[in-house]
Amino acid sequence: MIRTFFCTAACALTFVACQPTAKKLPIIGEREVVQKEIEGKMVADTIYPTIPKFEFLNQDSVMLSDKFFDNKIYVANFFFTHCPSICPTMQRNLLKAYEKYKNDNRIAFLSHSIDFKYDQPHVLKSYASKLGVDNEQWQFVTGTKAAIYGLSDKYLVYTKEDASVPGGYDHSGYLVLIDHDKRIRGAYDGTNSEEVEKLLADIDILLQEYK
């Protein structure tokens, strides 16, 4: 009986040890370690960069703020509606994620137009409709050059008004995954199918953190 007990205990320990640990995505950005006093003791605390507060006009001519994305994960990118280069592919690939998670209130999508001159709300509305977006889960926004371009830096996405490139605007095609705390958890080339598949897999992993 003692032998049976030890065998059972050993098997149980083996089972626990072999359980896979939940995979977690990294937090992207340069972290800062600060000293905090807690209960009279100084302890090190790690601070990660976050997406700051924002407010933009969306495709429905309504002001949209960062509060819309509270308690959600979301995928953000930068584009413009008449982009002749990477945007069509990038947006079609992001549409795959939108369709997979459509009506799932745990996740949202946010596309910032970098053409602050042409992409007014009615243009964004028409663009979203043609793309196949028919609910508020995917937001398309416009704002001033300073506000949009300044925010792109926080997402680690390159944007520039440049008359020498096709369409007049230059930008990178990253799809950026943001968590509940507004931290960057992944960046994916929106023109690359393999990268988009990785985004879809990583969304599932990130959602598990908030179960």
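Where does leucine 156 lie? In this predicted model, leucine 156 is in the loop between helix 4 (145-154) and strand 8 (159-161). Its phi is near 65°, a positive value in a residue other than glycine. Leucine 156 counts as exposed, at 52% relative accessibility.

Lysine 182 also has a phi near 65°, again positive in a residue other than glycine. The loop that holds lysine 182 runs between strand 10 (174-178) and strand 11 (184-189). Is lysine 182 buried or exposed? Lysine 182 is buried, because its relative accessible area is 10% and the cut-off for buried is under 20%.

Now the aromatic rings. The structure holds 15 aromatic pairs. One of them joins phenylalanine 68 and phenylalanine 69, edge-to-face, with 5.0 Å centre to centre and 80° between the planes. Phenylalanine 68 is partly exposed at 22% relative accessibility, whereas phenylalanine 69 is buried at 0%. Over the face of phenylalanine 68 lies lysine 72, at 5.9 Å from the ring centre.

Next, phenylalanine 116 and tyrosine 149. Their ring centres are 6.3 Å apart and their planes stand at 75°, so this pair is edge-to-face. Phenylalanine 116 sits in the loop between strand 6 (107-113) and helix 3 (121-131), and tyrosine 149 in helix 4, so the pair ties together parts that are 33 residues apart in sequence. Phenylalanine 116 is partly exposed, with a relative accessible area of 22%; tyrosine 149 is buried, at 10%. Lysine 145 lies over the face of tyrosine 149, at 5.7 Å from the ring centre.

Last, the cluster. Phe79, Tyr98, Phe109, Tyr127, Trp138 and Phe140 form one aromatic cluster.

Notes: Residues numbered from 1 in each chain as written. Predicted model: local features only at pLDDT ≥ 70, side-chain atom pairs only at ≥ 80, totals over all residues. Heavy atoms only, no water. Helix = DSSP H or I, 4+ residues; strand = E, 2+ residues; numbered from the N terminus. Buried < 20%, exposed > 50% of the residue type's maximum accessible area, 1.4 Å probe, protein only. Phe/Tyr/Trp six-rings, centres within 6.5 Å; stacked < 30°, edge-to-face > 60°. Lys NZ or Arg CZ within 6 Å of the ring centre and 35° of its normal.
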